[in-house]
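The sequence and the model come first.

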Amino acid sequence: MKAIRRFTVRPVLPEPLRPLSELARNLRWSWHAETRDLFQSVDPERWASSGGDPVRLLGSVRPARLAELAGDRRFLRRLTAAADDLHDYTSGERWYQEQPAGLPAAIAYFSPEFGITAALPQYSGGLGILAGDHLKAASDLGAPLIGVGLLYRHGYFRQTLSRDGWQQEHYPVLDPNELPVTQLAEADGSPARVFLALPRGRSLHARIWLAQVGRVPLLLLDSDVEENDLGERGVTDRLYGGGSEHRLLQEMLLGIGGVRAVRTYCRLTGHPEPEVFHTNEGHAGFLGLERIAELCAAGLDFDSALEAVRAGTVFTTHTPVPAGIDRFDRELVARHFGPEAELPGIDVQRVLQLGMETYPGGEPNLFNMAVMGLRLAQRANGVSLLHGQVSREMFSGLWPGFDPEEVPITSVTNGVHAPTWVAPEVIRLGARQIGAQRTEDALSVGGSERWDAVADIPDEEVWELRRELRGQLVEEVRRRLWASWRQRGAGTAELGWVDGVLDPDVLTIGFARRVPSYKRLTLMLRDRDRLMDLLLHPERPVQIVVAGKAHPADDGGKRLIQELVRFADDPRVRHRIVFLPDYGMAMAQKLYHGCDVWLNNPLRPLEACGTSGMKAALNGCLNLSVLDGWWDEWYQPDFGWAVPTADGTGTDADHRDDVEAAALYDLLEQRVAPRFYERGRAGLPDRWVEMVRRTMARLGPKVLAGRMVREYVERLYTPAAHAHRALGPEAARELAAWKARVRGAWPEVTVDHVETVAGAPTAELGSTLGLRVRVGLGGLGPEDIEVQAVSGRVDEEDRIEDATAVPLKPAGAPDPDGRWVYEGPLALDRTGPYGYTVRILPAHRLLASGAELGLVTVPAEGAEGAADGAGVLLR
């Protein structure tokens with residue numbers, strides 16, 4: 001018989017064991033080895049069957065065992081030490097508290113998914129894992145973040161394979177009472193709630209669950225509550241599930257409901273109110289609308305509230321292609337806002353204007369969540385240097401008249417949380433070398449001087465560590481492969497071959513990630529004969545472990561998986577290449593630990609960052625990758641290999657795959673495998689070990705999430721907090737009125753004439769030109785604008801490259817026609833083809849960038865003196 005209702009009966013812990021409950025509820029255990037070891041010692045067998053989840057463990061352990069532990073002095077001493085350590089960690093001063101005054105009192109960090117631990121499966125891929133690592137690193141640094149997301153009752157799907165290798169999805173039901181979360185409650189004990197107004201008088205209610213991530217609270221909204229109708233209860237059913245309206249409601253709940261949840265949490269706990277709101281991708285963009293509505297309710301007009309909200313908002317884009325952005329039909333969005341629905345005090349047209357693609361090349365009937373995110377944030381960034389460049393080009397239509405390099409989108413390269421992803425054996429080796437505390441600091445805060453000690457570890461210890469981790473991976477792969485074949489319908493008698501899959505002494509390559517087409521899961525199959533030769537080489541064989549999920553609606557991705565699985569099922573090679581279904585955090589950790597080479601072959605430049613190779617590198621795994629994302633930024637031949645790309649605009653896609661696959665095979669055959677199997681005088685692969693050492697010493701400090709969060713604090717959060725403080729109600733009104741005045745007057749702003757006064761008869765390096773520019777400012781004054789000379793090398797079409805902008809100064813009062821003259825020197829500091837132009841930009845003390853308004857005036861074609869001003873060429 002099937003139960004009609006399910007609930008969890010929790011054990012009552014004996015008084016001496018009560019600290020176990022707090023330790024289980026704080027997710028720091030997911031990256032703190034000593035706490036995990038403590039829980040494992042409670043009941044090793046049940047710990048394994050619980051998947052390493054302390055909440056599930058404590059829900060299943062026998063009362064007799066608990067009573068036994070309550071009288072075990074040695075266990076109680078370990079428990080007290082773990083509880084004290086957690087208290088010190090959550091209450092002591094850390095990096096953030098040691099910084100100069102002026103940092104944000106709190107930062108709210110919104111993301112549609114968070115990958116903290118496999119015990120809280122609220123993630124699908126890189127975006128969620130990155131968000132989880134961001135929270136963990138913020139906790140390690142003491143940064144006062146509040147995470148905000150949704151609690152999905154089915155999480156993301158579990159993946160199995162059919163007998164013929166087709167991906168199958170399963171959606172297990174998650175009971176929040178069995179997860180490491182607690183329900184946020186009001187002072188009277190009732191559940192804390194937020195709600196959104198929906199069309200036709202309906203409402204969407206949600207309760208708030210709290211996951212404690214070290215020092216960082218993570219608020220998760222759950223719509224599966226009795227106050228909702230069946231449709232509304234399902235809003236938080238699946239991550240990235242449903243149609244357009246379903247996704248819109250999820251994103252309204254995340255953004256608008258999330259702000260309300262933050263306000264509720266701060267009211268109930270006394271946590272400081274956030275000064276900065278960080279939108280991790282466009283899904284949470286509606287948070288800016290809710291904050292505008294708050295300020296309007298307090299007496300500000302919409303435009304002033306918009307300026308105040310923008311000042312304290314940071315937007316991070318993670319996609320390098322427009323197709324990766326959520327876009328909704330304008331009528332759908334309009335139906336959910338206004339007098340009959342949510343935010344009734346805000347004109348629907350103002351809402352729509354924030355997200356409509358009203359720029360050249362845009363689709364004016366679509367509401368773009370990333371566009372809204374950029375318009376609602378004064379500061380924005382991509383997630384690697386290359387991705388920042390791609391983002392500036394992709395969104396340049398929002399800043400017409402500016403070259404892509406001047407679009408105000410910077411970059412902060414992603415990082416990974418080392419304590420989560422580094423093998424315990426690696427951490428122990430580091431502790432023996434430099435001490436436990438310095439190792440912890442190296443993994444959380446960074447600093448190259450702490451990582452330099454890798455150079456002192458003997459070669460034999462490095463190589464033995466790598467072999468030990470490879471051996472653990474082999475055992476893990478065999479276990480998972482056996483389980484996968486059983487799910488595919490194979491009998492036990494058919495699976496004896498699994499015991500011979502992989503070899504702990506063979507070069508092991510890992511490839512694991514989501515399976516969209518641009519990541520090219522099957523590029524390795526392009527020439528199957530060459531691949532088989534590599535796998536079966538008599539002296540230098542390779543073995544490959546592959547894992548990944550395709551989106552449930554992506555049949556193309558599923559076909560790629562099936563193609564790979566069918567190749568891996570071939571009895572000739574199945575001991576050398578495997579596909580493991582149900583890729584997730586628990587599997588990923590074993591792969592990163594045990595692989596010798598991490599393979600990444602996306603279509604450049606479609607990998608925004610790609611952090612899996614970072615996690616592998618921290619374990620001494622070498623990267624073999626296309627120069628995309630973070631690898632484009634930090635690759636050096638000392639510690640990895642770059643796969644050449646054929647990314648010219650005229651290259652046919654099939655030909656490109658052929659060329660790049662051939663380059664990949666060449667690298668494996670001629671450089672990677674020979675280096676791995678080459679032995680020195682002591683019988684060790686000396687050159688390989690040296691590459692491992694350089695990977696850890698040089699990449700280690702760079703790829704840390706601690707480094708990433710420090711950059712966010714210093715470059716984005718702190719400036720945003722200062723701007724937020726400066727934009728009080730009066731300053732916000734002033735800035736809004738100034739912007740309206742400037743926009744209204746800008747059509748009359750002109751560059752009328754440009755004169756050049758040469759200090760020498762020829763243009764030579766080190767000489768100076770004097771510039772004299774006559775401009776019309778319409779109704780504006782010199783205090784509203786900046787006149788700049790922009791100079792640099794020029795290409796064949798006289799476009800200025802690598803430009804430098806220098807402000808010019810007004811020379812006296814306006815002439816009788818109201819025109820102003822600006823003057824200044826132009827230093828000729830570069831040789832070769834050289835040119836300059838002049839331009840006028842809006843200028844105000846509260847702007848974060850001269851491009852912020854998207855307004856610029858340059859000399860008109862054919863205007864008097866414009867030919868000189870637009871490009872004097874110095875050759």
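## Second largest cavity

In this predicted model, the second largest cavity holds about 80 Å³ of space. Its lining is made up of 13 residues, and those nearest the centre are Leu481, Trp485, Ala568, Asp569 and Phe579. Helix 20, helix 22 (555–568) and strand 17 (577–580) are the elements that each give two or more residues to this lining.

By class, the lining of the second largest cavity has nine nonpolar residues, three charged and one polar.

## Largest cavity

The count of cavities of 30 Å³ or more is seven. The largest cavity has a volume of about 290 Å³. Its lining has 23 residues, of which Val426, Gly430, Val454, Ile457 and Met696 are the closest to the centre.

Five elements are listed as giving two or more residues to the lining of the largest cavity: helix 17 (424–434), helix 18 (436–444), helix 19 (448–451), helix 20 (459–487) and helix 27 (686–699). Helix 17 provides the largest share, six residues. In the lining of the largest cavity, 16 residues are nonpolar, five are polar and two are charged.

## Second largest pocket

The second largest pocket contains about 970 Å³ of space. It is lined by 36 residues, and Arg310, Arg375, Arg743, Glu852 and Leu853 lie nearest its centre. The residues of this lining divide into 18 nonpolar, twelve charged and six polar.

At least two lining residues each come from helix 11 (302–311), helix 13 (348–355), helix 14 (369–375), strand 13 (379–382) and helix 29 (729–745). Helix 11 gives the most, with five residues.

## Strands 19 and 20

Strand 19 (residues 622–626) pairs with strand 20 in the parallel sense, over four bridges. Within this pair, Leu624 is opposite Trp641 of strand 20.

Conventions: Residues are numbered from 1 along each chain as its sequence is written. This is a predicted model: local features need pLDDT of at least 70, side-chain atom pairs count only at pLDDT 80 or more; totals for chains, interfaces and linings use all residues. Side-chain values use heavy atoms; hydrogens and water are left out. On a 1 Å grid over the protein atoms alone, a cavity is a set of points where a 1.4 Å probe fits but cannot get out, and a pocket is an open set with protein on both sides within 12 Å along at least five of seven lines; lining residues have an atom within 4 Å of a point. Grid points are joined across faces, edges and corners, and a volume is the space filled by probe spheres set on the points. Ala, Val, Leu, Ile, Met, Phe, Trp, Tyr, Cys and Pro count as nonpolar, Asp, Glu, Lys and Arg as charged, and the others, Gly among them, as polar. Two strands pair if DSSP finds at least two bridges between them.
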